[in-house]
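Let's walk through this structure together, one step at a time. Keep the sequence and the 3D view side by side as you read.

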Amino acid sequence: FPSHDKQGGKTGLVEATSKMDVSEFRVFATALTMILPEDEDFLEYELKISDVIKLFGLPNNGMYYDLFRDAALKILERKFVIYEEKEDGVEYKTTIPLIIETSEPVPVDEQNRIRIQFHPKLKPYLLQLKREYLTVDVRNLSELSSQYSVKMYLILKHQLNLGNSTAKYEVVRLREILGIEDTEYPSYGNFKQKVLMRAITDINAFTEHYRDWE
């Protein structure tokens, strides 16, 4: 797949530079299911922790409530870096915050839900990303414990949706998509072992291509 083809219409947020841990991704993906095309900008969406647990088939125990509340606060700091060609024919790098605010009830007995508001400039990208996620059975993601395995699975699924049975990326571009800093896994051998090989192992073990659902 050509490394320069990064237009929003094709790759959108799937191949935008972003970095979320697994818990943050689960909160984000659950909130994404609530977005409707007719929504004006993005108002607040109320996210119940039990919805995240149910969507990903996780055990319904107390540990996830604190984990996902913390994740909702962490994604306040997350951004998407999108590469796309504008109307003047020049490729631009655009950085957009993921959400602009998050709220949670003060009473302890109500703290099983969170309100979040996505950045309005992300609307066309998030709607496109939601369409992508409709082709994904999230049960395939429930046992992926590495954020890079999750992102690699989505990248490969995205390429299949584009009709590509194989995809080729330059290492620099792949590190960029995965949000890996220059100081992280600096040698190719380390990057291959800790990121690529782990993703291959996880995807082979836990996704639909290798497991029959009951």
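E24 touches A71, K74, I75 and R78, leaving out residues up to four places away in sequence; a contact here means heavy atoms within 4.5 Å. This is a predicted model, in which local features need pLDDT of at least 70 and side-chain atom pairs pLDDT 80 or more, while totals for chains, interfaces and linings use all residues. Residues are numbered from 1 along each chain as its sequence is written, and side-chain values use heavy atoms, without hydrogens and water.

Is E24 buried or exposed? With a relative accessible area of 0%, E24 is buried (under 20%, with a 1.4 Å probe and protein chains only; exposed is over 50%, partly exposed in between). E24 belongs to helix α1, residues 22-32. Helices (H or I, at least four residues) and strands (E, at least two) are DSSP runs, numbered from the N terminus.

Now look for the open sheet of 3 strands, with the order β1-β5-β4 and antiparallel pairing; strands pair if DSSP finds at least two bridges between them. Because β1 (45-48) and β4 (99-103) each have a single partner strand, one side of each has no neighbour in the sheet. β1 pairs with β5 (residues 113-118) over 4 bridges, in the antiparallel sense. Across this pairing, L47 stands opposite I114 in β5. Helix α1 packs on the sheet, touching β1 and β5, and its direction makes about 75 degrees with that of β5 (axes are lines fitted to C-alpha atoms, for helices over the stretch in contact, with angles from 0 to 180 degrees between N-to-C directions).
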